[in-house]
Amino acid sequence: MNTPIRRLSVLIAALFGALLVASTIIQFAQAQTLNVMAANKRTLLDNYSRERGSILVEGQAIAKSVPVDDQFAWLRTYPQGRLYSQITGFYAYSIGNPFGLENAADDLLSGKADRLFVRRVTDLLTGRDTVGATIELTLNAKAQQAASDGLGKNRGAVVALDPRTGAILAMVSHPQYDPNPLSSHDLAKSEAAWKKLSNDKAKPFVNRGITGDLYPPGSVFKVVTAAAALEQGLLEDENSEVPGPAELDLPLTKTNLPNEDGRACGPDDRTTLIHALEISCNTAFGSLGLELGGEQLRAQAAKFGFGDSLQIPMRVSPSTMPAEINAPQSAQSAIGQYEVRTTPLQMAMIAGGIANQGRVMTPYLIQSVRTADLDVIESAPDPEELSQAVSPRTADILKQMMVSVVDNGSGRRAQIDGVAVGGKTGTAQHDLEKNPHAWFISFAPADDPQVAVAVIVEESGVTGNEVGGARVAAPIAKDVMEAVINR
C-alpha cells in the first residue's frame, strides 16, 4: 500500500472513531441534558402526547389533562384556575412549567419519577400509554374558598395547617391569575398571556404564602419574644410583671421605642405579661428584647423554624433574623421590626406549634400519590416533628395568653361562639410612605387544636395601632377556622 492511500485510510479510520465517540457521548452522556433543553421540540411534543396526571382536592380535579384533536394530543386545564393558581402553576408548550406543583412535582405528574419505574415497565410490556401519577392534596376546599373570599381584592396571603400533623389546609395568595390561557394550544394566545402575567407589577404568579418578598411580622412576633423570656427563666408565667412605660429608652441611640397609643401599659409603668400581649404593648416586649439580647431571640426563632429550608414540595423561602443585632436592634426585633422577615407559612407554624404543646410539625401539601387507576402508590408519611420549639408548660402559658387576646384583647373579631380561639394581632411597618401590613395568627379549638392560621393583608393596617390586624385580618382567620371545624 503506498503512502497516500495509507494516510487516507488512517484519516478515514480516525473520522469513523470520532463519529463513534461523538454518537456515544450524545446518546449516553448528553442524553438527559438534550432531553430537557427548551429548544428540543421533539421532547416537548413527546411530553405533550402523553396524559399528564391530575391534581386533586377532596377528589375534585384542580388540574387535569383532556384529549384534544391537534398535534399536542392533551390540553392541560384548570377548572378552578384562579383559586388554586399559585398552588398548581401552569403547564404550557411555549413557556414550560416554571411555578407551583406543575414544576415541583413534574416527575410525578409526567410519570418520570423513579418510584413509577415499575409502572412504566408494565406499560411498555402491555403496550399501554404511560400516564402520569395523580396527586391528592391535603387542602380543605371550604377553607381555601373562605380564605380567598376573605382576602377579596386585597393583596396578601392566608395559610392554614393542621397543627397536629403539619398538613396544609389552605394556601391562598392574592392577586391571583388564570392559568388556562397560558396552557392554551393557541401559541400566540399563550405567549400573550405570559407577557401580561410576567409584566404585572403585582406579580400574581408569586405564592406570597411561602415565597417572594418576605414580610416583617410586626406584633405577631411578640409571641416568640414571650416564648424566649419564659424558656430562659426571665419570667415565671403569664402573670409575671414586666415594664410598660409609654416610651422605652433605648441605649446607643436618641430614638426611643414608643407605645402605639402613646400611653403606659399599666399603673406605675408596669403590667403583666398576659396584659402586655392582650394590648400588644411595645415597650414591654421591647424591654424583654433588651434583656434577652439578639442571640436569645434568634435562637428561639430558629426553634420555631426560622432559617429552615423547607419543600412542601414547592420551595419555601426561609424566614430570617438579622445576623448581627445590637441592643436597640434587639428591642426592635422583639416586636417584629428591624430586619426580621418571615412568610405566612412560618407564622402559621408558630401558632400551630404553640397550640400543639410546643411541637412544630413539618408542613406538607401532598396527601397521596396514585396511578391513573387511582391505586395508591404512596401516602403521606407519618407526621414528622420539625422541632420542640418550647416546653409543653411554656406552650400552655402562651396558649392561655393568646386565648386571652381573643377573649379580652385586640383579637375579639376572631371569636367563634362555643369555641376557645387563640390569636394575636399585628401591624408591621415596611415603608414610611405606605400603610403598614395587617397580620393575624390564630388556632382553634384551643383545647383540641385542629387548625392554625396566619393571615397577612398588605398595606391594610393603620399607623399607630393594631386596628388593621384586628379589623381586617382577624375576621379572615375566623372564617377559615370555622370552615375547618365545620361551624
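The model is predicted: local features need pLDDT of at least 70, side-chain atom pairs count only at pLDDT 80 or more, and totals for chains, interfaces and linings use all residues. Residues are numbered from 1 along each chain as its sequence is written, and side-chain values use heavy atoms, with hydrogens and water left out.

**Helices H10 and H13**
- Helix H10 (residues 222-231) packs on helix H13 (residues 294-304) at an angle of about 110°, and their axes lie 9 Å apart.
- H10 is therefore roughly perpendicular to H13 (a term for angles of 65 to 115 degrees).
- H10 brings Val224, Thr225, Ala227, Ala228 and Glu231 to the contact, while H13 brings Gln296, Leu297, Gln300, Ala301 and Phe304 (contact means heavy atoms within 4.5 Å).

**The buried face of H13**
- Gly294, Leu297, Arg298, Gln300, Ala301 and Phe304 are the buried residues of H13 (buried means under 20% relative accessible area, with a 1.4 Å probe and protein chains only).
- Down the axis of H13, these residues fall within an arc of 165°, so they line one face of the helix.
- An α-helix has 3.6 residues a turn, so residues three or four places apart point the same way.
- Their cover includes H10, helix H12 (282-292), helix H14 (327-334), helix H15 (344-355) and strand S13 (359-361).
- Just after H13, Gly305 has a positive phi of about 125°.

**Asn97 in its loop**
- Asn97 sits in the loop between helix H4 (85-88) and helix H5 (100-104).
- Asn97 counts as buried because its relative accessibility is 17%.
- The Asn97 side chain reaches the backbone oxygen of Glu102 at 2.5 Å.

Key: Axes fitted to C-alpha atoms, helices over the stretch in contact; angles between N-to-C directions. Helix = DSSP H or I, 4+ residues; strand = E, 2+ residues; numbered from the N terminus. Parallel < 35°, antiparallel > 145°, perpendicular 65-115°, else oblique. Buried < 20%, exposed > 50% of the residue type's maximum accessible area, 1.4 Å probe, protein only. Arc of directions from axis to C-beta. Polar contact = N/O pair within 3.5 Å; in protein donor to acceptor, adjacent residues only side chain to side chain.
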